[in-house]
Amino acid sequence: ANLVGIWAEGERSPWNGDYHLNINMQMMYWAADILNLPETVEPLYPFMTKLAQSGKIAAECMYGSPGWVAHGFTDIWMNARPLGAPEW
């Protein structure tokens with residue numbers, strides 16, 4: 001699930017319909033176990049697997065490090081590199 005999901009109007013959704021890897025991602029899955037809805041978590045596993053594959057390349061190319069990294073948000077292609085321009 002992304003920030004807007006099926007409720008986005010038109011072709012361009014707020015936040016580009018991307019996935020924020022901060023508390024937003026965590027909150028989407030907090031209640032799954034306690035509500036006995038484990039099937040709602042199933043999409044998270046392939047999502048994280050693909051993100052880790054992309055993140056391995058990002059960690060090596062950007063930081064010369066083993067393991068994997070993901071920055072603040074990603075998209076449907078599971079980009080692990082920083083997306084967009086930094087804004088302060």
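Is Asn 36 buried or exposed? In this predicted model, Asn 36 counts as exposed, because its relative accessibility is 62% and the exposed class begins over 50%. Asn 36 belongs to the loop between H1 and H2. The phi angle of Asn 36 is near 60°, which is a positive value in a residue other than glycine.

A positive phi also occurs at Met 78, where the angle is about 60° although the residue is not a glycine. Met 78 is placed in the segment after strand S2 (73–74). With a relative accessible area of 11%, Met 78 is buried, since the limit for that class is under 20%.

The loop between H1 and H2 also holds Trp 30. Trp 30 has a relative accessible area of 55% and is therefore exposed. Together with Ile 23 and Met 27, Trp 30 makes a nonpolar surface patch of about 340 Å².

Nonpolar residues were also examined in the interior. In soluble globular proteins, nonpolar side chains tend to be buried together. In this model, the largest nonpolar core contains 13 residues. Those with the most contacts inside this core are Met 25, Tyr 29, Val 41, Leu 44, Phe 47 and Leu 51. Two elements, helix H1 (23–29) and helix H2 (44–63), each give two or more residues to the core. The greatest contribution comes from H2, which gives five residues.

Notes:
Residues are numbered from 1 along each chain as its sequence is written. This is a predicted model: local features need pLDDT of at least 70, side-chain atom pairs count only at pLDDT 80 or more; totals for chains, interfaces and linings use all residues. Side-chain values use heavy atoms; hydrogens and water are left out. A nonpolar core is a set of buried Ala, Val, Leu, Ile, Met, Phe, Trp, Tyr and Cys residues joined through side-chain atoms within 4.5 Å. Buried means under 20% relative accessible area, exposed over 50%, partly exposed in between (1.4 Å probe, protein chains only). Helices (H or I, at least four residues) and strands (E, at least two) are DSSP runs, numbered from the N terminus. Patches are made of residues with over 30% relative accessible area and no salt bridge: like charges are joined within 9 Å, nonpolar side chains (Val, Leu, Ile, Met, Phe, Trp, Tyr) within 5 Å. Accessible areas come from the Shrake-Rupley method with a 1.4 Å probe; for residues, only the protein chains shown count as cover. A salt bridge is a side-chain nitrogen of Lys or Arg within 4 Å of a carboxyl oxygen of Asp or Glu.
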